[in-house]
Amino acid sequence: MNCREAKAEIALLVGNDLEDAGARESLRRHVSACPECRGHYQRLKQTFKVLEQADKTETFEVRESMWPALSTRLRHRQQEQKPSRRQWWPLASFLAACIVVVAIINTPAPEHSHAPVVDRGMMSELFPVSGDVSQGPLPHRDEPTTDDSDTPAGKQNKSKPNQSHPGR
Amino acid sequence: MKTRITDSVDGMAVDSASQPSDARLVDETRRGDQAAFGQLVQRYERRLMRVVLRFISDLDLAEDLAQETFLRAYERLDQFDPSRRFGPWLFRIGVNLTLDFHRKRKRRIWSIFFTDRAPEGNFDPQAADPRPELDLQQEVQQVIAQIPEKYRTVLVLRDLENFSTSEIAAILDRKETTIRWRLAEARNRFQELWEKREVIHRRADHEQ
C-alpha cells in the first residue's frame, strides 16, 4: 500500500466506511510505519468531528405537510389535461369524417361483372400507343397492376391474347 | 466517534409494520388512488426537504423544489420499476432537480459578476466582522460549497444525511466503488479546506 492509497482508505476509515477487515489491517500496518500518514489520520479524525457536529438531525422540521398544497396542484394539473383531450375530439372526428368521404369519392362505381377483362397485351393490340406506356389510359381496376410479362403467366397471356382471366 | 444513524432511504417505511409498504402505495397510486401518493409524500417530505436544504439554503425555494420532485415522481410513476426501491428513485429525482437548479443559479451569479453593474452589498471596511455570527454549521456549509460538485454531493449525502454508499450509488446512478472513491476524495478535500480556513482565521486574529 502506498501513501496515496492509504490517504483514500483513511478517509473511509474515519467515517466507518472501511468495512473490509483485510483492508483495515493493511492500512493499520502502513500507518504505524508511515509518520506522514499517521499525521494525516489524526488531522482527518479531528476534522471529521466537525462534520459530525454539523450533522444535526433537527436541521429542518416540516412546519406542516406539503401534501394539501401538492394534492391541489395535482388536481389542477389533471383538470388542465382533461379539457385539452376533449378539445382534440371534434378535430379528430372531423378528420376521420373527411377521410371516409374522400375514400367514398375515390371508390369507382361497381363495374359490370360480366364485362370482358383484357390484359395489357390485348389493350396494346386494340389501341396501339407509341412512347411511354404510363401516358396511356389508366389501367382498369381489375387489371393486374404489375407487369408480369417476364413471368411464365405473362408469357402465356401474350401467346393467347384473347384469353380472358380464368374464372371470369 | 458518534454512532451513525443507520436509517435507510425508506427507513420510515420499515419502522412501523402497520403502515403499508412503499411498493403497495406505489401500486395503489398507479391505480388512481391519490391518497396513497399522499402517504408517500408524508413519509418522505421531511427527509427530502433536509436533503434539498443542504444544497439550497432558501426555505421557500427548497419547498418549491421538493414539491416539484413529488409532482415529477407522480407523473413518471409509470416509468418506475416496482422491483426497485421507491426511496432512492424519489431522491434521484430530487437531487438531480436540485443540482440542476443550483447549476443554473450559479451561471446566473457568474453573469452578474461579469457585468458592469456593481454587485449589491458592496464590501464596507467599517462594517463589523460577520464571522462571529456564523455558527459552525454555516462555516461547514461554506467550506463544503468550495468542494467540486461531484465530490460535494457524495459528502453531503453520506456525512450530513447518513445515506449508505449503496443508497448514494442508487441515487446518483453510479457504481458503489465510484461513490466510495469520491467520498474519500471529498473528505480529504474538506479536511484541506478546513485547515486552510483555520490558518486564515488564526492569522486574522493575530493581526487584530
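The paragraphs below treat the salt bridges and then a cavity.

This is a predicted model, in which local features need pLDDT of at least 70 and side-chain atom pairs count only at pLDDT 80 or more, while totals for chains, interfaces and linings use all residues. Residues are numbered from 1 along each chain as its sequence is written, chains are lettered from A in the order in which they are written, and side-chain values use heavy atoms, with hydrogens and water left out.

Over all chains, the whole structure holds 20 salt bridges, each a side-chain nitrogen of Lys or Arg within 4 Å of a carboxyl oxygen of Asp or Glu. In one of them, Glu161(B) pairs with Arg54(B) at 2.8 Å between the closest N and O atoms. Glu161(B) lies in the loop between α7 (149-160) and α8 (165-172) of chain B and Arg54(B) in helix α3 (residues 34-55) of chain B, so the bridge ties together parts 107 residues apart in sequence. Both Glu161(B) and Arg54(B) are buried (under 20% relative accessible area, 1.4 Å probe, protein chains only). Helices are DSSP runs (H or I, at least four residues), numbered from the N terminus.

A salt bridge network links Asp17(A), Arg158(B), Asp159(B) and Arg187(B). Four lining residues, the largest share, come from α3(A).

Conventions: Helix = DSSP H or I, 4+ residues; strand = E, 2+ residues; numbered from the N terminus. Buried < 20%, exposed > 50% of the residue type's maximum accessible area, 1.4 Å probe, protein only.
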